[in-house]
Amino acid sequence: MNEYVIVTDSSADLDAAEVKELELQVIPLKFTIGGATYSDYPDNRDMDPHVFYERLRAGEVATTAALNMEDAKGVFEPILKDGKDVLMLAFSSGLSSSCQACLLAAGELAEEYPDRKIYVVDTLCASRGQGLLVYHTVMKKRAGATLEEARDFAEENKLHLCHWFTVDDLMFLKRGGRVSATAAALGTMLSIKPVLHVDDEGHLINMSKTRGRKGSIKAIVDKAAELAIDPADQTMFICHGDCLEDAEQLAQMVRERFGTKDIRIGYTGTVIGAHSGPGTLALFFLGEHR
């Protein structure tokens with residue numbers, strides 16, 4: 001069995017310690033704020049996420065760019081040169097063209113390295129939902145899965161990876177076209193917090209509205225109660241847009257309700273956070289369906 005490396009992009013929002021633990025290669029995406037462009041590295045070498053969110057709170061606007069083919073090739077090629085194969089778990093095609101860039105890079109490199117294999121999985125996931133799918137695929141690899149078995153596992157389980165989240169400021173979703181200007185203004189005035197998820201096509205969908213932050217957090221936990229497979233014994237991921245206290249409150253509610261032991265909290269990274277804003281809070285888990 002030939003050795004292979006699991007690769008993802010930084011939209012998976014895995015931090016440097018998790019990347020090291022899981023023995024991953026990560027392709028950094030890019031974001032622009034204040035007229036300067038930065039790379040979204042897992043170790044935050046270009047910008048600390050707290051600083052990023054403080055700049056958003058101060059009124060600065062951040063934009064993002066999809067992964068380009070050359071960046072993908074720059075990560076894939078050294079692996080192939082080392083005699084190893086590649087399994088790329090890419091950001092949802094429903095939210096970005098990054099997956100397409102990876103497919104193009106894989107196609108070019110396949111001609112140059114005909115003895116090597118490069119598989120690209122469109123995870124239809126985002127943020128630490130993508131990260132959780134990567135985590136489970138790594139666990140499968142460590143259990144002895146071949147490259148093809150790990151790829152098939154990711155394909156078979158990606159639509160069981162549930163993403164449920166809320167945001168604190170509707171204006172960021174308005175900017176991205178997720179809610180109308182009227183809905184954002186009215187929602188802000190009435191303290192209405194949306195509850196959203198990522199659907200089977202990898203798109204962001206507004207599912208319901210709640211009054212106040214506590215109501216939206218409870219609604220997320222209610223969704224886990226409705227959908228999660230064996231919630232006590234699975235690993236769940238949480239991400240937050242610089243609101244750690246809320247993330248810890250969500251984790252405690254999950255523990256109290258389900259007895260879940262392994263809950264891992266991390267930042268919503270700069271690329272995802274540019275669109276969701278400060279105060280984003282999400283829970284990711286395996287469910288019967290999304």
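A: Let's start with Cys-243: its sulfur lies 8.6 Å from the closest cysteine sulfur, in Cys-239, which is too far for a bond. A disulfide is a pair of cysteine sulfur atoms within 2.5 Å, and the structure holds zero disulfides. Cys-125 is in no disulfide either, with the sulfur of Cys-162, the nearest cysteine sulfur, 9.6 Å away. Cys-125 is buried, at a relative accessible area of 0%, and Cys-243 is buried too, at 12% (buried means under 20% relative accessible area, exposed over 50%, partly exposed in between, using a 1.4 Å probe and protein chains only).

A word on the ground rules: this is a predicted model, in which local features need pLDDT of at least 70 and side-chain atom pairs count only at pLDDT 80 or more, while totals for chains, interfaces and linings use all residues. Residues are numbered from 1 along each chain as its sequence is written, and side-chain values use heavy atoms, leaving out hydrogens and water.

Now for the helices, which are DSSP runs (H or I, at least four residues; strands are E, at least two), numbered from the N terminus. Helix α9 (residues 212-227) and helix α10 (residues 244-258) cross at roughly 40°, and their axes come within 10 Å; axes are lines fitted to C-alpha atoms over the stretch in contact, with angles from 0 to 180 degrees between N-to-C directions. The two helices are therefore oblique to each other (under 35 degrees is roughly parallel, over 145 roughly antiparallel, 65 to 115 roughly perpendicular, and the rest oblique). Residues in contact (heavy atoms within 4.5 Å) include Ile-217 and Val-221 of α9 and Leu-250 and Met-253 of α10. By class, this contact has nine nonpolar, one polar and five charged residues; Ala, Val, Leu, Ile, Met, Phe, Trp, Tyr, Cys and Pro count as nonpolar, Asp, Glu, Lys and Arg as charged, and the others, Gly among them, as polar.

Helix α3 (residues 69-81) packs on helix α4 (residues 98-112) at about 45°, with the axes 9 Å apart, so α3 and α4 are oblique to each other. Among the residues making the contact are Phe-76 and Leu-80 of α3 and Cys-102 and Leu-109 of α4. The contact of α3 with α4 has nine nonpolar, no polar and four charged residues.

Finally, the backbone: Asp-13 has a positive phi of about 55° although it is not a glycine. Asp-13 sits in the loop between β1 (4-9) and α1 (16-22) and is buried, at 6%. Asn-44, with phi near 60°, lies in the loop between β4 (36-39) and α2 (49-57) and is partly exposed, at 32%.
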